Amino acid sequence: MPENLLKWYVESGADEAIGDVPINRYTESTSADTPPQTSAPTPRPSLDTLPVGDVSGKARRLAAACTTLDQLKSALEGFDGCGLKATAKSLVFADGNPHATVMLVGEAPGAEEDRQGLPFVGSSGQLLDKMLAAIGLDRESVYIANILPWRPPGNRKPTTEETLTCLPFIERHIELVAPNLLMLLGGTSAGTLLNTTEGITRLRGKWQSYQAGDRQIDTLPTYHPAYLLRQPAQKRDAWRDLLSLRARMNADETQAKVP
Ligand code: URA
């Protein structure tokens, strides 16, 4: 393959070989019964209506057995139920302070995160660091993880199956960190953890209660930093959400000091 073509593939996001045998798409038949291609998005089914197969049951049992974050990380390292593991270079588990009162949950690692094995270290991570700094926070004062710990090839959106397969691990992750406040970055994170098909534009900025085991955690969905890089006009709303998070932290700190 000419070097320029290969470079173009990589720049377009097609940077993983996921099949051993090449497929010649030009020779595939286009029979009359082939359904027409449409760009209309498939509605995302509610999590309750999806069958929970063995893989998900196995993930749930494995995650439930973990009582520490180290155990959870090892359980993920040994878990082969999610196909994303095969194409990812690294398990991207978490970053930040596991004793922090605030936990942020994103969607899935990108190329740079996959290279470094840490969440939010690429361009959206740089914006996230600036957003946190604007309200006096940094990676020592928050804890960061993703719904999926492996990078989807070419940065595609994770499928519902991949998300549901890994869901027990991030749920247990949140239980073990037990933060006071949770901030959900983007529609995948908010929709998955709050079990809703409502879009992020409607969800953002509204505090909700997330059930983590037997605890309720005050939870604020907001825009994903990658979306803000594409739509800088939305930073105004994201700023409101950050201020709301800071205000809730301050209120919690004041309350904790009351004798
Ligand atoms: N986007 C995410 O949702 N998570 C990361 O870790 C990086 C980019």
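A polar contact is a pair of N or O atoms within 3.5 Å. The model shown in these views is predicted.

View 1. An N or O atom in the side chain of H224 lies 2.7 Å from an oxygen atom of the ligand. The protein backbone takes part too. A polar backbone atom of E107 is 2.7 Å from a ligand oxygen. For F120, a backbone N or O atom is 2.9 Å from an oxygen atom of the ligand. On its own, the ligand has 240 Å² of accessible area, and the protein covers 92% of this.

**View 2. The ligand takes up the space of the largest pocket.** The residues around the ligand are G106, E107, A108, P109, E113, P119, F120, S124, N146 and H224. By class, this shell has 4 nonpolar, 4 polar and 2 charged residues.

**View 3. One cavity of 30 Å³ or more turns up in a search of the whole structure.** The largest cavity holds about 60 Å³ of space. Its lining is made by L76, V92, F93, A145, N146, I147, P149, C166, F169, I170 and H173. Two or more lining residues come from each of β3 (142–146) and α7 (160–177).

**View 4. Helix α7 gives the most to the lining of the largest cavity.** The share of α7 is 4 residues. By class, the lining of the largest cavity has 9 nonpolar and 2 polar residues. No charged residue is found there. N146 belongs to this lining, and N146 is also among the residues around the ligand.

Methods:
Residues numbered from 1 in each chain as written. Predicted model: local features only at pLDDT ≥ 70, side-chain atom pairs only at ≥ 80, totals over all residues. Heavy atoms only, no water. 1 Å grid on protein atoms, 1.4 Å probe; cavity = no way out; pocket = protein on both sides within 12 Å on 5 of 7 lines; lining within 4 Å. Points joined across faces, edges and corners; volume = space filled by probe spheres on them. Nonpolar A, V, L, I, M, F, W, Y, C, P; charged D, E, K, R; others polar. Near = heavy atom within 4 Å. Polar contact = N/O pair within 3.5 Å; in protein donor to acceptor, adjacent residues only side chain to side chain. Areas by Shrake-Rupley, 256 points an atom, 1.4 Å probe, with all protein chains shown as cover. Sits in = over half its atoms within 2 Å of the grid points.
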